[in-house]
Every structure is written in C-alpha cells, then in structure tokens.
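The sequence and the structure come before the discussion.

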Amino acid sequence: MPKTPVTFTLNGAETGIFVDPGLNLLEALRREAGDLSPKFGCGQGTCGACTILINGEPHLSCLTLAVAAQDADISTTGGLAPGADLHPLQQAFADGFAAQCGFCTSGMLMAAKALLDRNPRPTRDEVVEAISGNLCRCTGYDPIVDAILDAAARVQGRVTA
C-alpha cells in the first residue's frame with residue numbers, strides 16, 4: 001500500500017512525513033517525525049498518556065489517524081519550552097512533586113495546557129474535569145491538580161516562584 005504524505009506544524013515547525021494510511025498519530029509523531037515526547041500508554045484511548053494538542057484542543061494521539069493531522073497545528077510536550085527554561089506548568093510540576101513515575105506526565109501537561117490556554121484562572125473543579133481523561137497511578141492526583149493551579153497563579157502573577 002502506498003504511503004500518504006501528511007504535512008502539519010509540529011511545535012511551531014512545518015513538518016512533512018509519509019505514513020501508512022492506517023497509522024495512528026502517536027506512532028507517526030514518534031517514528032516518522034522523531035518527537036518522542038508523546039507517550040504510549042494503553043493504546044486504547046483510556047489512559048491519556050498520549051494526549052497532544054491539535055489546533056489547541058486535547059486529543060488522544062493513539063486514537064487519531066495520522067492522515068487526520070493534515071494542515072493541523074500540533075503541540076506536544078517537546079515544544080512546551082524551547083530553550084533552557086521550563087514552561088510554567090513544567091516548573092510547577094517539578095516544584096510540587098506532581099510527576100513521580102512519569103507515565104502520565106506528558107498527557108497531564110498537555111491537558112493542563114489546553115485548559116490554561118482557554119481559561120487562565122480555572123477553579124479546582126475545572127482542573128479536575130480537564131484532566132479527567134488522564135490516569136495517574138502514583139500521585140493520587142492532588143499534587144497534579146495543585147501544580148496546575150500553581151502554574152495558573154504564577155502566570156497570572158498571583159504568586160512568586
């Protein structure tokens with residue numbers, strides 16, 4: 001079967017790859033585009049580890065066909081903080097010990113980024129709802145929710161790091 005060309009913007013860079021028509025976006029990003037930051041978790045869309053942003057909205061890349069990314073703007077944790085400085089979410093996760101085994105961290109960060117991009121001052125309940133599709137086996141969720149709220153406060157200038 002011939003491969004299909006797919007072009008999209010990945011973390012701000014124009015990207016073109018060739019994919020098998022049935023390949024999911026997670027595998028295309030990892031194997032063809034070289035972005036290893038989206039994580040493979042369950043492969044069934046139930047854990048959220050592979051969450052990325054497509055045109056600013058969270059999507060499970062294991063359930064999204066790569067060909068559906070044509071002309072899309074894709075963001076992964078690999079593009080959160082170009083350079084040496086961490087993104088405020090990454091810094092808050094580090095400061096608040098919100099990442100333990102790391103299995104869920106990539107997906108949690110992207111779900112949180114989508115939330116903060118559309119609602120920079122979320123309530124605790126809104127944070128819980130935003131990450132409800134992402135499973136965590138280690139933290140009990142409280143450090144993650146606290147880190148997201150901390151990042152929101154930092155960006156709003158309500159607290160100092």
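In this predicted model, strand 1 (residues 4–10) and strand 2 (residues 13–19) are paired in the antiparallel sense over seven bridges. Within this pairing T4 stands opposite V19 of strand 2, and the two strands form a hairpin with two residues between them, where N11 in the turn has a positive phi of about 50°.

Rolling a probe the size of a water molecule over the atoms shows where empty space is left. The count comes to one cavity of 30 Å³ or more, and the space in the largest cavity is about 30 Å³. Its lining consists of A98, A99, Q100, C101, G102, C104, T105, C136, C138 and T139, and the table gives the make-up of that lining by class.

| Class of lining residue | Number in the largest cavity |
|---|---|
| Nonpolar | six residues |
| Polar | four residues |
| Charged | no residues |

One of the lining residues, T105, is found in helix 3, which covers residues 105–118. Is T105 buried or exposed? With a relative accessible area of 14%, T105 is buried, because buried means under 20% relative accessible area. When residues up to four places away in sequence are not counted, T105 touches F93 and A99, and A99, like T105, belongs to the lining of the largest cavity.

Notes
Residues numbered from 1 in each chain as written. Predicted model: local features only at pLDDT ≥ 70, side-chain atom pairs only at ≥ 80, totals over all residues. Heavy atoms only, no water. 1 Å grid on protein atoms, 1.4 Å probe; cavity = no way out; pocket = protein on both sides within 12 Å on 5 of 7 lines; lining within 4 Å. Points joined across faces, edges and corners; volume = space filled by probe spheres on them. Nonpolar A, V, L, I, M, F, W, Y, C, P; charged D, E, K, R; others polar. Pairing = 2+ DSSP bridges. Helix = DSSP H or I, 4+ residues; strand = E, 2+ residues; numbered from the N terminus. Buried < 20%, exposed > 50% of the residue type's maximum accessible area, 1.4 Å probe, protein only. Contact = heavy atoms within 4.5 Å.
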